Amino acid sequence: MKNQNINTEQDYKYGFTTDIENIRAPKGLSEKTIKFISKIKKEPKWMLDWRLKAFNRLKNLKEPNWQKPKYPKINYQDLYYYSAPKSASEKPKSLDEVDPKLIETYKKLGIPLQEQKKLSGIAVDAVFDSVSVATTFKDELTKKGIIFCSISEAIREHPDLVKKYLGSVIPLTDHYFATLNSAVFTDGSFVYIPPKVRCPMELSTYFRINASETGQFERTLIIADKGSYVSYLEGCTAPMRDENQLHAANVELIALDDAEIKYSTVQNWYPGDKNGVGGIYNFVTKRGACRGKNSKISWTQVETGSAITWKYPSCILQGDNSVGEFYSIAITNNHQKADTGTKMIHLGKNTKSKIISKGISAGKADNTYRGLVDIGKKALNSRNYTQCDSLLMGNKCGAHTVPYIKNKNSSSVVEHEATTSKINEEQLFYCNQRGLNQEEAIGLIVNGFCKEVLQQLPMEFAVEAQKLVGISLEGSVG
Amino acid sequence: MLEIKNLKASINNKDILKGLNITIKPGELHAIMGPNGSGKSTLANVLSGKNGYEISGELKYQGENLKEIPIEERAQKGIFLAFQYPTEIPGVNTNNFLKTSLNKVKKAKGEKELDTLSFLKLLKEKSSELGIDEKMLSRQLNVGFSGGEKKKNEILQMKILDPNLTILDETDSGLDIDALKTIADGVNSSRDKKKSFLVITHYQRLLNYINPDFVHVLSDGKIIKSGCMELAEELEKKGYKKIN
């Protein structure tokens with residue numbers, strides 16, 4: 001085949017680093033580091049205390065090891081826990097004041113903030129390394145009473161909201177990585193939508209890891225007050241590098257009565273090279289609480305990057321009639337590994353959840369869907385529908401489905417469907433014979449396979465995601 | 001249009017085509033008949049460029065050596081294969097697939113690609129010519145199509161892509177008489193001085209409708225007899241075994 005010799009390394013088009021001087025916390029994990037972070041963020045004492053509480057708890061916790069993908073032991077004392085572009089400490093007031101190199105980086109990434117402002121109607125809270133450097137559309141949002149800012153700013157400016165909700169979905173004591181995040185998180189986004197307000201635009205954050213050997217510990221908190229609606233987009237790319245990098249973010253969503261949160265992710269972090277060297281460890285805790293009645297939380301994720309993806313965006317359906325949804329595409333190629341899925345915890349009556357998971361494995365990759373559907377005793381008349389489809393390309397990759405289903409009352413119904421199929425030569429031949437080359441054919445077939453999930457993404461993301469699906473699998477079938 | 005000299009093809013060390021010769025000029029329609037296992041589908045696969053075959057001999061299309069051209073480029077250069085068993089591609093809308101395909105071919109020819117509106121117009125025109133229900137086209141590609149619908153969809157694609165050389169691989173197998181007529185009408189309305197056809201079939205019945213210029217009998221990887229329509233009639237009467 002002519003198309004066999006595709007060099008995947010070169011196809012990672014975001015593989016560059018920007019040369020910006022960094023302010024760094026002392027190396028290693030210690031009380032000193034945490035105090036440094038808290039100080040540089042100008043945090044109030046209660047926040048520092050909270051962090052230290054997490055740090056103390058962490059000392060008694062062990063890293064979980066039940067997941068399928070194994071990874072080399074991480075030396076937490078060898079990481080930097082804070083690194084910020086220098087210019088951020090001088091607090092840019094507008095985009096014009098932002099370090100031109102940052103702007104340049106965004107341009108390479110295809111995120112021209114200025115243009116985005118005008119063209120796409122997306123407000124961008126851009127995270128470069130660990131500090132938010134530019135927030136757009138703030139005025140328009142402020143008029144509606146919407147708060148969209150960095151978590152650091154929220155801690156200073158909206159302490160009551162942060163105190164009330166931070167850690168209320170992912171407690172301090174949750175598990176190793178979540179607790180680690182609570183101790184050392186550096187930045188992230190904060191969103192508050194007041195009652196009965198429909199957020200007029202898709203809120204979006206771009207994450208990017210830049211400084212060498214820096215773990216990225218983002219913290220996102222989104223609160224949708226009664227009767228409100230918000231759609232939040234998260235997308236990431238990262239520069240090419242050799243060392244493995246840990247990313248352990250925490251994302252907490254809270255939906256009160258009749259509120260709806262839609263959270264979409266396109267994750268494209270550096271997956272390591274063809275031989276599995278380098279790449280990001282993406283160990284993220286994402287959890288949403290449908291706290292109010294008739295509330296709804298919908299997770300959509302397109303996971304194409306990272307050496308190891310280990311995450312389970314979950315919904316706790318506390319309010320009666322609340323709805324949780326999880327739509328996922330996980331693509332693994334070369335030596336990538338993914339262990340991902342969701343947890344749907346039904347507590348309220350008449351709660352509904354839906355899980356649509358599409359796993360695609362190529363090369364020597366390994367892809368696991370792991371999910372829990374737990375319907376409690378009091379969650380009468382609840383329903384879950386789960387569909388897990390796996391697609392294999394080639395004969396050296398793996399796909400696994402590990403569903404846990406607990407139904408503790410007799411009025412609830414759980415359905416689970418799973419399929420595993422192989423992308424077949426006949427489909428490729430058919431597409432080739434109609435004038436599509438190998439890459440285009442794979443893109444087409446895989447996009448067809450993922451259609452139900454891609455449809456859930458907001459328009460501007462869907463287009464990008466479709467391309468990404470094709471790019472991620474380039475060179476995977478010879 | 002197409003020149004095949006001493007074509008040999010094998011797969012997994014098994015010889016299938018054993019020195020096949022055929023020349024198809026522009027405007028001609030050739031039929032190839034032969035018993036099961038004689039190499040008919042292999043010929044179609046080799047011409048369209050399917051992987052996995054060891055090939056020797058001469059294979060020329062419009063003066064170019066086909067062996068060096070990958071599948072998709074052959075398609076872009078106007079070789080079209082109507083599949084014996086069109087494959088299902090879930091989640092891919094038939095309309096969109098056709099549009100993508102057409103625009104790939106157009107782009108390769110240096111023609112302007114069609115936007116959605118002009119494409120839908122063309123699609124409507126061609127599908128009504130063939131009496132194809134448009135509803136079928138908004139479904140997923142070949143998914144849940146009946147045998148007849150799949151074959152009609154192949155002919156529709158042929159009409160839309162407007163190829164120079166069309167290979168029909170047992171497109172008539174398993175069709176009822178109405179569907180057979182649709183296929184024949186599709187072929188007949190496409191015939192002109194420039195276009196060539198290679199129709200692979202088991203039976204005479206499709207040939208009754210499309211009237212081939214030449215009929216060849218393929219047996220054990222070689223063409224053992226060539227003639228015109230009378231040969232097909234003779235085959236139908238006597239069976240393959242008696243032709244030698």
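Predicted model: local features only at pLDDT ≥ 70, side-chain atom pairs only at ≥ 80, totals over all residues.
Local features here need pLDDT of at least 70, side-chain atom pairs count only at pLDDT 80 or more, and totals for chains, interfaces and linings use all residues. Residues are numbered from 1 along each chain as its sequence is written, and chains are lettered from A in the order in which they are written.

**Stop one: the contact between chains**

Select both chains and look where they meet: 21 residues come from chain B and 17 residues from chain A (residues are in contact if their C-beta atoms, placed from the backbone, lie within 7 Å). On chain B, colour α2 (71-76), β7 (89-93) and α3 (94-109), which each supply at least two residues to the side touching chain A. Helices (H or I, at least four residues) and strands (E, at least two) are DSSP runs, numbered from the N terminus. With five residues, α3(B) gives the most to that side.

**Stop two: the sheet of chain B**

Now show the open sheet of four strands in chain B, with order β2-β1-β4-β5 and antiparallel pairing (strands pair if DSSP finds at least two bridges between them). Its edge strands are β2 (14-24) and β5 (64-65) of chain B. Eight bridges join β1 (residues 2-11) of chain B to β2(B). Zoom in on B:S10, which stands opposite B:D15 in β2(B).

**Stop three: two helices of chain A**

Finally, select A:Q427, A:L428, A:C431 and A:N432 of α10(A) together with A:Q438, A:A441, A:L444 and A:I445 of α11(A): these residues make the contact between the two helices.
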